[in-house]
Amino acid sequence: MTKYIIGTSATMLLLVAALSHPGLTAAHGGSDMEQDPCMRLAGENMVHFSAYQPQYELKAQYCTEIPQEGDTFLVVDLVDPALRNEPVGMRVIRSNGKSETEDEIVADVRPISHPDGVLRSKVTLDEGLYTVIIASEKQNLLKRPQYLLRVHMVDYEKLVLSIAGPLIGVLLAGWLLYKLIRSKWLRSWRTAAPGS
């Protein structure tokens, strides 16, 4: 019976740890290129998008969730060498959420060739929603990669999910503790224990 309790306790600890820290198993750096949320197809070629805010966090890179307002470095890695020989540009558009005709162009990097394979731009982003469009002169309009950026906004879905995992773990641990306290085995062990 002791092995059963130890095994159950170990399983519960692992479950609570996994639910409390889902980022450990879903970290950005270790994912395959096809599963990387920052990787997009540009026609038949791959591009990778990153955003940096070194004034807040020196080495952190972001893809769609930008934590702070302010100066932001946008970097597009032209993964496939074919894109490095053709003009590629980037447009950053701030969405007001109401109509596309009233959207504001924040940055417009004209298409030029990038032999080093990196397209860069520095922009100042205020709180809100933005769309980053990467395009070359040769691409079909429907095949342009786009990134939706959320700047300094609370993502309520992630917030609920970050709370739900630990809460379920605590409730499950409480239920198991209740079952253990109410078990016949524990009652018989208590009555058989010397000095009770």
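This is a predicted model: local features need pLDDT of at least 70, side-chain atom pairs count only at pLDDT 80 or more; totals for chains, interfaces and linings use all residues.
An open sheet of mixed pairing is formed by 5 strands in the order 4-10-9-6-7, with strand 4 (65–66) and strand 7 (104–112) as the edge strands, each pairing on one side only. Strand 7 is paired with strand 6 (residues 88–95) in the antiparallel sense over 6 bridges, and Met90 stands opposite Val109 of strand 7.

The count of salt bridges comes to 6. One of them joins Glu65 to Arg150, with the closest N and O atoms 3.4 Å apart; this pair links distant parts of the chain, since Glu65 belongs to strand 4 and Arg150 to strand 10 (residues 146–151), 85 residues apart. Glu65 is partly exposed, at a relative accessible area of 23%. A salt bridge also connects the side chains of Lys122 and Asp71 (3.8 Å, N to O); because Lys122 lies in strand 8 (residues 118–125) and Asp71 in strand 5 (residues 70–78), the pair ties together parts that are 51 residues apart in sequence. Of these two residues, Lys122 counts as exposed at 52% relative accessibility, whereas Asp71 counts as partly exposed at 31%. Asp126 forms a salt bridge with Arg94, the separation of the closest N and O atoms being 3.9 Å, and a network of salt bridges links Arg91, Asp108 and Arg110.

On the surface, Lys179, Arg182, Lys184 and Arg187 gather in a patch of positive charge, in which Lys179, a residue of helix 2 (residues 156–181), is partly exposed with a relative accessible area of 45%. A nonpolar surface patch is formed by Val154, Tyr156, Leu159, Ile163, Leu167 and Leu171, which together have about 630 Å² of accessible area; Ile163 lies in helix 2.

How values were computed:
Residues are numbered from 1 along each chain as its sequence is written. Side-chain values use heavy atoms; hydrogens and water are left out. Patches are made of residues with over 30% relative accessible area and no salt bridge: like charges are joined within 9 Å, nonpolar side chains (Val, Leu, Ile, Met, Phe, Trp, Tyr) within 5 Å. Accessible areas come from the Shrake-Rupley method with a 1.4 Å probe; for residues, only the protein chains shown count as cover. A salt bridge is a side-chain nitrogen of Lys or Arg within 4 Å of a carboxyl oxygen of Asp or Glu. Lys and Arg count as positive and Asp and Glu as negative; His and the chain ends are not counted. The place of a charge is taken as NZ of Lys, CZ of Arg, CG of Asp or CD of Glu. Helices (H or I, at least four residues) and strands (E, at least two) are DSSP runs, numbered from the N terminus. Buried means under 20% relative accessible area, exposed over 50%, partly exposed in between (1.4 Å probe, protein chains only). Two strands pair if DSSP finds at least two bridges between them.
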